[in-house]
Amino acid sequence: MKKISNTLKSLALLTLILFVTIACDKDFTNIDSDIQGIKNFTTASQKFPVLSYSNKITDNTSGIQTRDLPGNLFGVYNDPNSTFGSTTASIITQVRPTNFDPDFGEAPTDTSIPRINSVTLTVPYFSSIESTDEDGNNTYKFDSIFGGFNPTATYKLSIYKSNYLLRDLDPNTNFEETQLYYSNQEDLFCSQIGELLYEDEFFTPSIEEIKIQEVDEDGAPVFEDDGMTPVIAERIPPSLRVELLSPTATFWEDLFIANEENDVLSSVNNFNEFFRGLIFKVENTGNGGNMQMLDLSNSLASIVIDYNNQEEIDEGESVRNITAYRLAFAGGIRVNTINNDFMLPTAPNPFLGDDNLYLKGGDGSMGVIELFNGTVDDEGVPVDAFAYFKNKEGKWLINEANLIFHVNQNEVNGNEPNRLLLYDLKNNTPILDYYLDGSTNTAAPTLSKIDHSEVLERDADDNGIRYKFRLTEHINSLLIRDSTNVKLGLYVANNVNNAPTSPLDVRSATNARVQGVIYDQDDSTINSFFPSTSLLSPKSTVLYGSKSDIPEGNRVEFEIFYTETEN
């Protein structure tokens, strides 16, 4: 009897799962029940009107908060979609010693031996190993280069000592709140620019592994037994790795070694006041350009000052195997500045909607979406779409709700972003469906949250076709829980995982504040926050809008699939 009972339970469970699966399938059919006591019902769908228009994130006088982002844009991006122009990203950053109160030892008595041998800056790019040969040589690929790597494209890179003090706390708040810095403040930082430490008029990043050859105690390079193959002492992943200049003969010595007993090298606060950091200034020279992200939080990101002292010489050590004073980038304040020459080709129309939605990351533009904006036909009478929908409370069971945007291939020229992010503009967080989507993938963010937001569908020629969002729980909240029908924001996303961890976490580091705008939860027409994942992608796309003269199949689609009881 127990086995029969368990079998019946299993059959009942299987029947229930099958029933739910059929009810939720997108190809709905009418199902009549002849079971006494249960009402008949039908499943169907209805399309509702949407108003959509483009909106520039900032005006010419404001910027986006870019302090301490999870990565930093670096370089020049010439958008293949000519409407969006070019984007140039520079960085200002602090560094800090890995040890305080250093002992540099006595200077060499032999004045022919330099006090400082070299000052080497290393900042890794985001990359991963593709293959390793039998000799241990690694082949890498860039993980965060936008638009593909062009080894012949160049831009001007200058690295300066910064005299601008980056503060932890804002003096205008009595030092109670974090000091914010913005994407449009390059001129402010450069107004206090210091000595030029590196310059390359034709800089381009390298994807090659950096190999440091071993040297013997006399400083001579070491080779394998064949006398030709270098012995590799260290392998460094692809990085921005350069030797910093000495503006004067004793610049670095005067800066650090001469201050050995000074308090400026004794603590983080003292050091940050003394050596205020570096400015990585990028300039678009019209020679193409590459844009990627620098990994300044990487443990390898550093400035290494190799110096000599008499103690090592007396011990018979090679002057090339010197001690080193190391400055790390991790833990310091860093700020991206972004120059984007893009302007919307037409003024947004928040009343009638736009023909096209222009989406651009990196302090660019977004789409504003208003669901249920318009009327629907109710037995021959046009009625307000949202009032009509609300009247279905208790009558409709929402099975699925979809919002679909079609790419306007007449306006784009490839390299569209794989992912977009849909935001609740009242609360400045993703919608509820984002948080209920368990398909999070941290290893491959492009494939994360795909139940709620699908990866861009492409054709056989890799041209973008459409983006699809499921917002079932968001729509259920409107119907059942009487939630507010808020405006939604549509953004380019670099990594959909980088969003506030909960709907209550509006002030998360994954949200960047818009300069000069006060957060007003009651006014969703104001852009007070901006998802930083969009800030970290310069990519763009153009989507068809929602105006009635746009043909169906191209126009924005908002469709609700429901089950309705037959009274």
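**Figure 1. Strand 6 (residues 116-124) pairs with strand 14 in the antiparallel sense, over five bridges.** The model is predicted: local features need pLDDT of at least 70, side-chain atom pairs count only at pLDDT 80 or more, and totals for chains, interfaces and linings use all residues. Residues are numbered from 1 along each chain as its sequence is written, and side-chain values use heavy atoms, with hydrogens and water left out. Helices (H or I, at least four residues) and strands (E, at least two) are DSSP runs, numbered from the N terminus. Two strands pair if DSSP finds at least two bridges between them. Val 123 has Leu 240 of strand 14 as its bridge partner. The two strands belong to an open sheet of five, in the order 5-18-17-6-14, with antiparallel pairing. Which strands stand at the edges? They are strand 5 (96-97) and strand 14 (239-243); each has a single partner strand, so one side of each lacks a neighbour in the sheet. Strands of a sheet pair through backbone hydrogen bonds, either parallel or antiparallel.

**Figure 2. The whole chain is shown with its confidence values.** Nine helices and 33 strands make up the secondary structure. The predictor's confidence in each residue is pLDDT, from 0 to 100. Its mean over the chain is 88, and 89% of the residues reach 70 or more. Among the elements, strand 10 (residues 154-162) has the highest mean pLDDT (98), and helix 1 (residues 2-24) the lowest (39). Over residues 1-38, pLDDT stays under 50. The model has 17 contacts beyond four places in sequence for that stretch. Contact means heavy atoms within 4.5 Å. Of the contacts in the chain with a separation of 6 or more, 78% are between residues 24 or more positions apart. Buried means under 20% relative accessible area, exposed over 50%, and partly exposed in between (1.4 Å probe, protein chains only). By that rule, 49% of the 567 residues count as buried.

**Figure 3. Tyr 423 and Tyr 491 form one of the aromatic pairs.** The whole structure holds 38 such pairs. The ring centres of Tyr 423 and Tyr 491 are 5.6 Å apart and the planes stand at 80 degrees, so this pair is edge-to-face. Tyr 423 lies in strand 25 (residues 419-424) and Tyr 491 in strand 29 (residues 488-493), so the pair links distant parts of the chain, 68 residues apart. Both Tyr 423 and Tyr 491 are buried. Rings of Phe, Tyr and Trp (its six-membered ring) pair if their centres lie within 6.5 Å; planes under 30 degrees apart count as stacked, over 60 as edge-to-face and the rest as tilted.

**Figure 4. Ring pairs build a cluster, and elsewhere a charge sits over a ring.** The cluster joins Phe 104, Phe 251, Trp 252, Phe 256, Phe 271, Phe 274, Phe 275, Tyr 307 and Tyr 325. The charged end of Lys 449 sits over the ring of Tyr 434, 4.6 Å from its centre. For such a case, NZ of Lys or CZ of Arg must be within 6 Å of the ring centre and within 35 degrees of the ring normal.

**Figure 5. Ser 365 is buried in strand 21 (residues 365-371).** Its relative accessibility is 0%. The side chain of Ser 365 reaches the backbone oxygen of Tyr 358 at 2.6 Å. Leaving aside neighbours within four places in sequence, the contacts of Ser 365 include Asn 55, Ile 57, Phe 342 and Leu 344.

**Figure 6. Phe 372 and Asn 428 each have a positive phi.** Most residues other than glycine have a negative phi. Phi is near 60 degrees for Phe 372, in the loop between strand 21 and strand 22 (375-378). Phi is near 55 degrees for Asn 428, in the loop between strand 25 and strand 26 (429-430). Phe 372 is buried at 3% relative accessibility, and Asn 428 is buried with a relative accessible area of 3%.

**Figure 7. Helix 8 (residues 472-480) is mostly covered.** How many of its nine residues are buried? Seven are, among them His 474, Ile 475 and Leu 478. Asp 482 follows helix 8, with a positive phi near 55 degrees.

**Figure 8. Ala 89 is buried in strand 4 (residues 86-93).** Its relative accessible area is 0%. Not counting residues up to four places away in sequence, Ala 89 touches Leu 73, Phe 74, Gly 75, Val 282, Met 291, Asn 336 and Thr 337. Tyr 77 is twelve residues from Ala 89 in sequence and 8.6 Å away in space, C-alpha to C-alpha.

Conventions. Polar contact = N/O pair within 3.5 Å; in protein donor to acceptor, adjacent residues only side chain to side chain.
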